[in-house]
Amino acid sequence: MDEYSRFVDWDKMDATVQSQDAKGLTCTEFQDFKQPARQGHWAKNHSLRAKVYHKLINNIPCRTVTPDANVYRDIVVKLVGKRNSSSLPLPEFVDNSLIPTYCLNAEGIGAVRKIILCIENQFPDISFCPALPSVIALLLHYSKDEAECFEQVCRILACNDPSKRLIDQTFLAFESSCMTFGDLANKYCKAAHKLMVAVSEDVLEVYSDWQHWLFGELPLMYIARVFDVFLVEGYKVLYRVALALLKFFRKVRAQQRMESDSIQQEIRAFVRDIATSVSPERLLEKAFAIRLFSRKEIQLLQMANEKALQQKGITVKQKSVASPKRQNVHLAVHAENFNSEIVSVKEMRDIWSWIPERFALCQPLLLFTTLEHGSSLTRFYSHTEGHEPTLLLIKTTAKEVCGAFLSTDWSERKRGGNKLSFFGTGECFVFRLQPEVERYEWVIIKHPELATTSSEPAHCASADSSTLSSSSTSSNLSPFLSARRLPSKTASMFMAGSSECIIIGGGDGQALYLDSDLNHGRTSHCSTFNNQPLCSESFQISVLEVWGFRDTMNG
């Protein structure tokens, strides 16, 4: 056995990783590790993986004063004393996370608790870090002794590169990562997300487990492969793999009956037993086949979610004696407080499952309805300006129901003066509820040929055709970025308004036009897409409602 075998129970370890036939460590530059990591270059050689981890972790930029192996040797005796390591209490910040044993022997299992105790002593600023036990347990398999493992974990925790996010260490960071994962799942795992909405009362309660799927349930052979790439490419890899797990779960379990109160356990069991259906290579292949946005754009989304939580005072985990359940900060559209002439409570909850997570912290607030405020575009603007985002709902005289999530304040239309100009962000989307439920993706930037349509209102066509087609130049635009926080040249083109009409469009070839009297509307539909029209090409409006988003924390 090699020098990194002290804490390994080789009877549990896959025999193939004991092979010493793999190539040596030939990478010299950090970027050279990317492809070997993805390809599992050192997956079959225990000693080589240990050396790679040591090299990659030593390359992490850290605080000037970061605890090292000598610090551990100095404090471990004082902190642990003669107590049995198996009985050492875990700090609150691990959130009752169980220590995964993986392929550790008895000494290794006890060492995890000792290292956690010493980290608590050296990192008093850590307030929430449920992934820590798993990370320590994993690295112990590839450490010569406890002190070396302690130093490696400390370097990961003490990373001071603002562009290199590694492990969440506060409840705010953790909670916002769950919201971000929910946003990503909503966009990239539509079938799985639809299943989660159908079988779960609180989708975000399910998605709050996403890190535990990786750091807790994945078998060692799988999490080690993920960690190989994570150390090279960073936090984005975790999102990728968790999304891939969600996709595979939906595929394998979609035909099985699931109860709402067991869905979390169903996913955990699937991940725990993933070796029966998906290989590590196939999991990573699926993960990297997902065309996620750039690391920078995901960081901006994370920051937006953190800001939303901070504004509502949700920065620490609330202790609850009555219920150990995770703090539910997300919306349940309450039947007693919700009344719409267009959609039911169930339908509104379905819509809420589509919107960005930071807005799902709010409750719906009726701003405008034609039944009360009349069919005046001027009144429409006066009641909706100053609210961002808003939700537009339309019911036609033919009983069709459609709508749009609009990310930007309607007052933005004034920036163009008397000229009709488009605004909004890529978070906008249109949808249909009746006769069938369908959400349409915003795709104008990918399909500039949809910029103009033959069914445009004559009085709006001259202004909006050139404006809308210009959006095709923003090919790298994130669907999450807010126009208010970015240079104007990166703003999306989704919604437009004047005294004569409203135009909303771009979703999978769908476009919606409303006349100034708010009694008539038209749609356009591009046959390039294999989907049904939003509603009739020409329709009469029975009821139109606009909903805002009310802060549940501040009334």
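Buried residues here have under 20% relative accessible area, exposed ones over 50%, and partly exposed ones lie in between (1.4 Å probe, protein chains only). This is a predicted model, in which local features need pLDDT of at least 70 and side-chain atom pairs count only at pLDDT 80 or more, while totals for chains, interfaces and linings use all residues. Residues are numbered from 1 along each chain as its sequence is written, and side-chain values use heavy atoms, with hydrogens and water left out. Helices (H or I, at least four residues) and strands (E, at least two) are DSSP runs, numbered from the N terminus.

- Pro280, Leu283, Leu284, Ala287 and Phe288 are the buried residues of α14. They share one side of the helix because they cover an arc of only 120° around its axis, the arc being that of the directions from the axis to the C-beta atoms.
- The face of α14 turned away from this buried side carries Glu285 and Ala289, which are exposed.
- As background, an α-helix has 3.6 residues a turn, so residues three or four places apart point the same way.
- On the surface, Arg250, Lys251, Arg282 and Lys286 gather in a patch of positive charge. Patch members have over 30% relative accessible area and no salt bridge, with like charges joined within 9 Å.
- Helices α12 (236–253) and α14 (280–289) each supply at least two residues of the positive patch.
- Arg250 is found in helix α12 and is partly exposed, with a relative accessible area of 32%.

**Salt bridges**

- The structure holds 18 salt bridges, each defined as a side-chain nitrogen of Lys or Arg within 4 Å of a carboxyl oxygen of Asp or Glu.
- Glu281 forms a salt bridge with Arg225, and their closest N and O atoms are 3.1 Å apart. This pair links distant parts of the chain, with Glu281 in helix α14 and Arg225 in helix α11 (residues 220–233), 56 residues apart.
- Glu281 counts as partly exposed at 46% relative accessibility, whereas Arg225 is buried at 5%.
- Asp145 and Arg73 meet through their side chains in a salt bridge (3.9 Å, N to O). They too link distant parts of the chain: Asp145 sits in the loop between α5 (132–140) and α6 (146–157), and Arg73 in helix α3 (residues 69–80), 72 residues apart.
- Asp145 is partly exposed, with a relative accessible area of 23%, and Arg73 is partly exposed at 45%.
- Glu412 and Arg415 form a salt bridge at 3.3 Å, N to O. Glu412 counts as buried at 13% relative accessibility, while Arg415 is exposed at 67%.
- Salt bridges that share partners join Glu385, Arg413 and Lys414 into one network.

**Backbone details to look for**

- Most residues other than glycine have a negative phi, and most peptide bonds are trans.
- Glu388 and Pro389 are joined by a cis peptide bond, with omega about 0°; Pro389 lies in the loop between α18 (377–384) and β2 (390–396).
- The peptide bond from Gln434 to Pro435 is also cis, with omega near 10°, and Pro435 lies in the loop between β5 (429–434) and β6 (438–440).
- Asp95 is not a glycine, yet has a positive phi of about 55°. Asp95 is found in the loop between α3 and α4 (106–122).
- Lys399 has a positive phi near 70° and lies in the loop between β2 and β3 (401–406). Lys399 is exposed, with a relative accessible area of 58%.

How values were computed
Patch = residues over 30% accessible without salt bridge, like charges linked within 9 Å, V, L, I, M, F, W, Y side chains within 5 Å. Areas by Shrake-Rupley, 256 points an atom, 1.4 Å probe, with all protein chains shown as cover. Lys, Arg positive; Asp, Glu negative; His and termini not counted. Charge placed at Lys NZ, Arg CZ, Asp CG, Glu CD.
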